[in-house]
Amino acid sequence: MRRWIALLLLSLLPMLAHAAQVQASLDRNQVQLGDTVTLNLRVEGGGLAQAPDLSALAGDFDVLGQSSSTSVSIINGRRSMQFTVGIALRPKRVGQLAIPALDFAGARTQPLTLTVTPPNPAAAANSGKDVFLEASAQPTRVRVGQQLLFTVRLYFAGSLSSGSLEDPQLPGIDARRLGDDLDYDVVRSGRGYHVIERRYALIPQHAGTIELPSLRFQGELIDPTDPDSFFAMGTPTTAASPQIPIDVQPVPSQWGSSTWLPARALSLTLEGLPADGKLRVGQPLDLAMTVQATGLPYEALPVLSLPDLKNATVYPDKPVTSTRNDGQWLLGRRQQNFAVVPGQAGTLTIPAITLKWWNVQSGQVEEARVPAHTLTVLPAAGGPQTPASPASVPARAAPALPASAATPASPAHAPAWRVIVLLAVALLLVGGALATWWVWRRRRSPGSNAPAPAASSHRALRLAFLAAARGSDPAAQAHALLAWARAERPGVASLGALAEALDSASQRAAIEQLQRRRFAATASDPAPDLAAAFGQGFRWRAAASGGEPPLPPLYPFKLR
């Protein structure tokens with residue numbers, strides 16, 4: 001039996017390694033000679049893993065130590081685990097140092113590059129201080145609306161018992177904190193310091209020369225050689241960062257009237273087109289247009305729209321927006337879904353869509369473009385086509401087990417333990433194969449960054465309603481409308497409750513007309529235009545505001 005279990009585990013190891021998603025990253029992309037940098041190796045879905053062979057790093061780095069951590073998160077009922085190995089490195093020379101691809105958790109990481117600069121001569125003036133602040137801005141010459149990276153570093157020798165570092169208060173500048181504080185150790189003029197680094201995204205709103213003001217730190221420093229430090233009686237200490245001038249240039253005079261988009265990178269995509277280029281009259285086509293920009297928040301991105309389409313009706317959905325960051329630059333994203341319902345057989349042409357933007361790295365105008373597409377619209381097959389809602393789609397059956405495994409032989413021919421092992425092997429292999437197929441499909445799919453399955457379900461219910469709205473069955477229309485509403489507000493029990501929760505008079509009137517057609521229809525009662533009333537989504541009543549926001553933390557950075 002032990003041999004069977006060993007063979008089972010060995011057979012599953014390749015699949016478990018394949019299912020793991022491995023990523024390598026540096027906590028900083030640029031350091032000074034003498035600083036330390038942390039190489040983080042993360043594996044998701046693969047469980048624990050040993051640190052890789054680091055001999056390839058010995059030529060350019062000193063390996064100072066390793067640490068590991070495990071985190072488990074549950075989002076929308078889905079459990080995920082992340083295992084991280086942190087490796088502290090100290091560069092040996094100045095230049096562009098390459099961190100090669102490493103074998104980790106059955107996969108291979110991507111190579112990385114670290115920029116190592118000579119020690120800052122200005123730092124020599126601070127080398128004898130116990131606590132000091134440094135600040136830098138990148139770049140120092142920008143356009144209006146362009147993000148710059150503002151970095152503040154607090155250096156201290158010893159330990160801090162308390163302290164506070166103020167955030168920049170800059171009129172006319174949109175300031176946002178980028179991620180959590182970083183903490184690491186460096187050596188300045190032969191003396192060791194602990195560093196807390198904080199990053200901000202600054203976006204100037206007006207042209208001209210601005211001065212990034214000095215930031216101040218106040219705290220108490222503990223001297224480990226002082227006997228009073230046992231009672232945490234620290235010495236009050238202060239530090240201030242230098243001021244930094246920034247040259248903010250105006251929008252180029254030849255730009256024109258289009259939305260000003262100064263970005264480091266920008267993309268425009270359109271997804272959801274049928275692979276065979278065909279659809280039918282009355283069949284809703286769900287298109288997703290997405291614009292993503294590096295160096296811009298989503299608020300700066302334009303509202304997305306489709307041009308007028310001949311012989312088709314377009315129903316825009318509510319936009320999905322987000323702004324995240326990669327530790328240095330804002331990553332703005334705006335997605336707009338459209339339900340396109342063709343009304344006539346023939347051809348449907350979606351014209352080319354363009355978006356002009358300013359590349360801040362090259363200083364040139366560029367254009368993001370979605371090419372034109374022509375689709376073939378076939379006649380409706382026996383009337384309006386109503387796509388099945390997710391609840392009505394039967395679940396995909398699991399692969400059937402072999403007869404020998406599903407129906408064990410009698411005890412006279414097969415011992416009980418062997419039957420149990422065979423069943424366990426079959427079930428685990430099927431489960432591992434399904435998990436591997438799911439991960440492979442996500443990696444291969446061009447829409448791997450698409451919304452979660454819940455969002456896809458919501459869109460499918462919306463499309464089902466729009467298809468029902470084009471028909472003449474009030475019961476089907478009421479069912480589809482209520483199912484769609486429950487995807488956003490699960491507590492909605494009936495159409496009456498839905499009407500009470502809506503803020504739009506036209507939507508409430510459409511529900512009232514639909515109810516009359518269902519239960520007390522007469523020849524004179526007009527059919528409600530449900531697609532027009534709900535085509536752009538539900539307009540809910542504003543929810544009651546919650547309590548006051550929580551107070552900021554007493555110490556806005558990590559102390560140690």
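Trainee: Which strands each supply at least two residues of the lining of the second largest pocket?

Mentor: In this predicted model, strand E1 (21-26), strand E3 (37-44), E9 and strand E26 (320-325) each do so, and the largest share, 3 residues, comes from E1. The volume of this pocket is about 710 Å³, and of the 24 residues that line the pocket, the closest to its centre are Ser25, Leu26, Asp27, Asp326 and Gly327.

Trainee: What makes a residue such as Gly327 count as part of the lining?

Mentor: A lining residue must have an atom within 4 Å of a point of the pocket; Gly327 is listed among the lining residues, so Gly327 meets that cut-off.

Trainee: How do the residues of the lining divide into nonpolar, polar and charged?

Mentor: The lining holds 5 nonpolar, 10 polar and 9 charged residues.

Trainee: How do you know that E2 and strand E9 (residues 112-117) pair?

Mentor: Pairing requires at least two bridges between two strands, and E2 and E9 have 3 bridges, in the parallel sense, so they count as paired. Gln30, for instance, has Thr115 in E9 as its bridge partner.

Trainee: Why are strand E2 (30-32) and strand E6 (95-99) said to stand at the edges?

Mentor: The open sheet of 3 strands runs in the order E2-E9-E6, with mixed pairing. Strands E2 and E6 each have a single partner strand, so one side of each is left without a neighbour in the sheet. From one strand to the next, the twist averages 30°.

Note on methods: Residues numbered from 1 in each chain as written. Predicted model: local features only at pLDDT ≥ 70, side-chain atom pairs only at ≥ 80, totals over all residues. Heavy atoms only, no water. Helix = DSSP H or I, 4+ residues; strand = E, 2+ residues; numbered from the N terminus. Axes fitted to C-alpha atoms, helices over the stretch in contact; angles between N-to-C directions. 1 Å grid on protein atoms, 1.4 Å probe; cavity = no way out; pocket = protein on both sides within 12 Å on 5 of 7 lines; lining within 4 Å. Points joined across faces, edges and corners; volume = space filled by probe spheres on them. Nonpolar A, V, L, I, M, F, W, Y, C, P; charged D, E, K, R; others polar.
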